[in-house]
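Please look over the aromatic side chains and the metal site in this model. A short report follows the display.

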Amino acid sequence: MLFRQLFEPVSSTYTYLLGCEETGQAILIDPVLPTWQRDLEEINKLGLTLVYTLDTHIHADHITAARTLKRETGSQIAHPAIDALACIDLPISEGTPVQVGEIRIDPLFTPGHTDGHHAYQVGNRVLTGDALLIDACGRTDFQSGDPTALYHSVAGKLFALPDETLVYPAHDYEGRWVSSIAQEKTRNPRLGGDRPLDSFVELMNALDLAYPKFIDYALPGNRECGVCPPGVPDNLSQYCDQIGESRQG
Ligand SMILES: [Fe+2]
């Protein structure tokens, strides 16, 4: 399997490119609007064909490139069925693997950051979305977030994966790229060290985080699988522009 971890700097998102060497089929997980051309160039460079895009959840901090990539390449939009978006081509759910050539992707229902969130296990890697980040976890105060559900998703489901499983998060804001289940179980300051449920819930409810600056545009845009909604103010235009594109006037 070809595997690339691609960084999108506007929202500090990691997009994952998985390519099947036998069939030439590829999938992008959590592609982001400003970097869709960069991702496509990477796919072309590797001689692959994009067959699916797949998101871990409805994002509040960026707009998915799913719809744009479908328009440009004919790729199908895979997304958790539970979110019931009208624009999904391939509704996915736990128990039904997504097959990309010889690559098998196992969706893991991991609600708590959002109520429809899924992580994706691929062999000895797990793409944890915003459920589990390196030394952190996604916030639980928007999008039907629920710290109790997140605790069960991470401590109950993700931490039950083999210790050596590599953890690839959807974001990192401090230049970290990869971790492992063993490392997060041991030293994640929010969920590691066998922290009990009530202590985690208390911690999450006390975070008092700022209102997400792009959420009011990202949610409607992502419910349409990646439309930049009208009215995005100039100070947030970088979420919709291509990286490297200069805005005139
Ligand atoms: Fe998120």
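**Aromatic pairs**

The model is predicted. The count of aromatic pairs comes to 11. Two of the pairs, both involving W177, are described here.

A pair of aromatic rings is described by the distance of the centres and the angle of the planes. F7 and W177 have ring centres 6.4 Å apart. Their planes stand at 50°, which falls between the 30 and 60 degree limits, so the pair is tilted. This pair links distant parts of the chain. F7 belongs to strand β1, residues 2–8. W177 sits in the loop between β11 (166–169) and β12 (179–180). The two residues are 170 apart in the chain.

Y14 and W177 also form a tilted pair, with 5.0 Å from centre to centre and 45° between the planes. This pair, too, links distant parts of the chain. Y14 lies in strand β2, residues 13–19, and is 163 residues from W177.

F3 has a charged neighbour: R125 lies over the face of its ring, at 4.0 Å from the ring centre.

**Iron site**

Which residues supply the protein donors of the iron ion? They are H57 through NE2, H113 through NE2 and D130 through OD. These donors lie 2.1 to 2.3 Å from the iron ion. In sequence, the donor residues follow the spacing H-x55-H-x16-D.

H113 and D130 link distant parts of the chain, 17 residues apart. H113 is in the loop between β8 (103–109) and β9 (118–122). D130 is in the loop between β10 (125–129) and α3 (147–157).

Are H113 and D130 buried or exposed? H113 has 7% relative accessibility, under the 20% limit, so it counts as buried. D130 is buried as well, with a relative accessible area of 6%.

Definitions and conventions: Residues numbered from 1 in each chain as written. Predicted model: local features only at pLDDT ≥ 70, side-chain atom pairs only at ≥ 80, totals over all residues. Heavy atoms only, no water. Phe/Tyr/Trp six-rings, centres within 6.5 Å; stacked < 30°, edge-to-face > 60°. Helix = DSSP H or I, 4+ residues; strand = E, 2+ residues; numbered from the N terminus. Lys NZ or Arg CZ within 6 Å of the ring centre and 35° of its normal. Donors = N, O, S within 2.8 Å, 3.2 Å for Na, K, Ca; no water. Buried < 20%, exposed > 50% of the residue type's maximum accessible area, 1.4 Å probe, protein only.
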